[in-house]
Amino acid sequence: MAEKVMVKGNEAMGEAAVRSGCRLYFGYPITPQSEFTEYMARRLPEVNGTFLQSESEVSAVNMIYGAAATGTRVMTSTSSPGFSLMQEGVSYIAGAELPCVFVNVVRGGPGLGDIQPAQSDYFQATKGGGHGDYHMIVLAPGTIQESVDLIKKGFDLADKYRNPVMILTDGMLGQMMEPVEFPEFVEPDDLPTHSDWALKNAEGENARIVRAFNIDPVELEELNIAYQKKYRKITENEIIYKEYFMDDAEYMFVGYGTMGRILISVIKEAREQGIKIGLFRPISLWPFPYKELKKASEGKKAIIDIEMSEGQMIEDVKLAIEDSSRIHFYGRSGGIIPEPNEILDVMNKIIGGDNNV
Amino acid sequence: MMKVQKSMFEIEKVRRVAVFIGMFGSGKTEIALNFALKLKSKYEEVALEDIDVISPYFRTRDLKAEFEKMGIDVITPEEKLIHADLPIISPKVKGFINKENYRVVIDCGGNDDGAVVLSSLYSTLRNEDHDIFFVINPYRPFTDTVNKTVEHIKRLEKTSRLKISYLVNNSNIGNLTEERNILYGEDFAEKIGESVGIPVAMTVIKEDIKCGNTRFPRFEIKKFLKTPWEV
């Protein structure tokens, strides 16, 4: 039946990957992401795919590196400490310009942290994580349906730019269930073959090399300049964000993912109290919608950034808006999610002129 | 095909220990919470036992304080380990199953791993008067066909070493659920019941959903496990 189904975020992203033509998954279970790994273990054999549980995230990322070098859709999912382990490989993949998709179902950190939802891996996702001048494309869904849609988009962007893509979500969106409609199946045979560079079907042709290595500094710089040119193109074309209740807003919230969703509930309540407040929700965290956020902030009396962290995206909000006197931040960490009433209190204090929040 | 007796299930007839099992996300916890509340309205001593070592979020233990206020004994891992991602079963679980003055509701984890945990209670449960309910939502990925669901039932019975007494129709697609979805679930559960020879005990309906006559006794539930934006 072509009806919506009830799906957990983790399962939904797995099914979306299968329907996007992904037939390779290498990974290691970690709470609150493990249902993803389990789903793929069960699902991929049904579509002649390969699921492989690696002995650690370090080996998983290197399996992805190898598979991506053949131009075949490949992915993994993990949660915060697991993604930290993958950083060396991510840098190599970015350097070798290989398409693949990572999903980080973020939990509280640092260190082993806990298993509750958090947004404290924003810096790691958007500002590098691994070494070198590279960027992943980072997309942050706010609903399970959007998680499904962004997985598909993520694979397409990875192929289009030969660049790793990260879906940055959190334990809440991974664990909760919601009705979802899945896209049609894309058959692997209909996907881009990358026949000009991929390490396959090159019999009789010149040898191809995929690497993130050049011993000549002049040539390595040229390579870096080429990466930057690609990153500028992505920045020009792939910004995604959503605005809510902004038409008449005097104040605005900025929040992404789960936090953006909670802020919509907060705004509905605030508007009942007569406070005209809106929301700017970045969906592409890299490239960050600097210009769009600046434009949205024009004329707003206060801009309140709320995060499930001690303040990470706030740095990009400040870079975008520049006028720091209007910018406020409130965050909770360690896996605690700010509650709607708590945010309403913060909002009322800020609107009342209290800067000590 | 086995002949199944038409269900005449009534909550008054449920045996002293009621266990809820099923696949991931079938709605076991929500039903167990509501079932414990319903029992509390009829019996003095009610215990709700959380033996779900699989789910990291949306667990019975998250409602511990709220349910204890209503006079229900909620059995979970001890406080300092309540957030640990470890398979802990409190020794009190067996203790309460053995208390003859108590009505006991057990919220078991999903899938085969949940059934393994239940199997560890086999020697305790087999001596006590118990019913095991298998919860089905046909809108979930792993129970969307009769054949798949029948396979799961057989496997979970084998793993837990216990016999499922009843099926529960919890057909829903969250806030989009309509009457037709619930009724589709009744047909679905009945077909499964005929195949495995297990009667359908009830049809679960969220209290705010309009649904006319159901074939099976209706069990209205309130939603306790909420997302942060539903608070």
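In what order do the five strands of the open sheet in chain A stand, and what kind of pairing do they have? In this predicted model, the order of the open sheet is S9-S11-S10-S13-S14 of chain A, and the pairing is mixed. Strand S9 (241-244) and strand S14 (327-331) of chain A each have a single partner strand and stand at the edges, so one side of each is left without a neighbour in the sheet. On average, and with direction ignored, neighbouring strands of this sheet are turned by 20° against each other.

Within the sheet, strand S10 (residues 251-254) of chain A and strand S11 (residues 277-282) of chain A pair in the parallel sense, over four bridges. Tyr251(A) has Ile277(A) of S11(A) as its bridge partner. Two helices of chain A pack on this sheet, and the table sets out what each touches and how each is directed.

| Helix of chain A | Strands of chain A touched | Angle between directions |
|---|---|---|
| H10 (residues 257-272) | S9, S10, S11 and S13 (302-307) | about 170° with S11(A) |
| H11 (residues 290-297) | S9, S10, S11 and S13 | about 155° with S10(A) |

On the scale of the whole chain, chain A is divided into domain 1 (5-237) and domain 2 (243-351). The centres of domain 1 of chain A and domain 2 of chain A, taken over C-alpha atoms, are separated by 28 Å. To the contact, domain 1 of chain A contributes 28 residues and domain 2 of chain A contributes 21 residues. On the side of domain 1 of chain A that touches domain 2 of chain A, at least two residues each come from helix H6 (122-126), strand S6 (137-139), strand S7 (164-170), helix H8 (171-175) and helix H9 (217-237) of chain A. H6(A) gives the most to this side, with four residues. By class, the residues of this side of domain 1 of chain A are 15 nonpolar, ten polar and three charged.

In chain B, the axes of helix H4 (residues 111-119) and helix H6 (residues 146-160) come within 7 Å and cross at roughly 30°, and the crossing of H4(B) and H6(B) is right-handed. From H4(B), the residues Asp112(B), Ala115(B), Val116(B), Leu118(B) and Ser119(B) meet Arg155(B), Leu156(B), Thr159(B) and Ser160(B) in H6(B). This contact of H4(B) with H6(B) has four nonpolar, three polar and two charged residues.

Note on methods
Residues are numbered from 1 along each chain as its sequence is written. Chains are lettered from A and ligands numbered from 1 in the order in which they are written. This is a predicted model: local features need pLDDT of at least 70, side-chain atom pairs count only at pLDDT 80 or more; totals for chains, interfaces and linings use all residues. Domain bounds come from an automatic or database domain assignment. Two residues are in contact if their C-beta atoms, placed from the backbone, lie within 7 Å. Ala, Val, Leu, Ile, Met, Phe, Trp, Tyr, Cys and Pro count as nonpolar, Asp, Glu, Lys and Arg as charged, and the others, Gly among them, as polar. Two strands pair if DSSP finds at least two bridges between them. Axes are lines fitted to C-alpha atoms, for helices over the stretch in contact, and angles run from 0 to 180 degrees between N-to-C directions. A crossing is left-handed if the near helix is turned anticlockwise from the far one by less than a right angle, and right-handed if clockwise.
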